[in-house]
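Let's go through some of the labels used for this model and check where each one comes from.

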Amino acid sequence: MDTGALNPLPTLSDLHPYCRALLARWEAARGDRFAPSWRALDLIQIAPPAALAHCSMVERTEGEPGFVYRFFGTWHAILHNHDLTGKPLTALRPANHAQRLQAEYAEVVAQRRPLAFRFDVPVLTGTRSQREVIRLPLSNNGTDVDAVVATAVFLEGEKEALTYFRAHQRNNS
């Protein structure tokens, strides 16, 4: 998987409904702050409820590994064939996918604002699989980004991507 330059989408208006749902919940929770806290976000309020399965949240850590999953929605657990709650982002496979996510999370921390990305995921069958994700900062103290919440969906090729990620998980590569 190419982990080259990150190219955030220039606008957040043309997103998958699940990504828009998380953005709407985040906007409602943040009020006049730059980012809400995890508690204020209260993901159980997301609508439609099916979007919750596509959500994840990583907490920033000092030094390595950088980010640890604190919430890993069931869609992610099915996709990766295990639950990464409590595990570092570096445990995600394949490793180059984890590196891409690490860079996206770091960019959200640096910019302190929501960022959305679309990118192709190479799949074993050679068919196209396109993923869309929105990542949003969270702040418990109102100043620092201490966590990032996200929603990810496949716009096409989800079945092929499932095969791809599970194969890499089995091979632990």
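Q: Why does R112 count as partly exposed?
A: R112 has 37% relative accessibility. Buried means under 20% relative accessible area, exposed over 50%, and partly exposed in between, using a 1.4 Å probe and protein chains only. R112 therefore counts as partly exposed. Before we go on: this is a predicted model, in which local features need pLDDT of at least 70 and side-chain atom pairs count only at pLDDT 80 or more, while totals for chains, interfaces and linings use all residues. Residues are numbered from 1 along each chain as its sequence is written, and side-chain values use heavy atoms, leaving out hydrogens and water.

Q: What makes the phi of R112 worth a remark?
A: The phi of R112 is positive, about 55°, although R112 is not a glycine. R112 sits in the loop between α4 and β3; helices (H or I, at least four residues) and strands (E, at least two) are DSSP runs, numbered from the N terminus.

Q: Why is D42 called partly exposed?
A: D42 has 31% relative accessibility, so D42 counts as partly exposed. D42 also has a positive phi, near 45°, without being a glycine, and lies in the loop between α2 and β1.

Q: What kind of peptide bond joins A47 and P48?
A: A cis one, with omega about 5°. P48 is in the loop between α2 (38-41) and β1.

Q: How do you know that β4 is mostly covered?
A: Nine of its nine residues are buried. On one side of β4 these are Q130, E132, I134, L136 and L138, and on the other R131, V133, R135 and P137.

Q: What makes β3 and β4 a pair?
A: Two strands pair if DSSP finds at least two bridges between them. Strand β3 (residues 115-120) and β4 have six bridges, in the antiparallel sense. In one of them, R118 has E132 of β4 as its partner.

Q: What is called the largest nonpolar core here, and which residues have the most contacts inside it?
A: A nonpolar core is a set of buried Ala, Val, Leu, Ile, Met, Phe, Trp, Tyr and Cys residues joined through side-chain atoms within 4.5 Å. The largest such set has 48 residues, and L22, Y69, Y105, I134 and V149 have the most contacts inside it. β5 gives the most to this core, with seven residues.

Q: Which residues does Y69 touch?
A: Contact means heavy atoms within 4.5 Å. Not counting residues up to four places away in sequence, Y69 touches residues including S56, M57, L101 and Y105.
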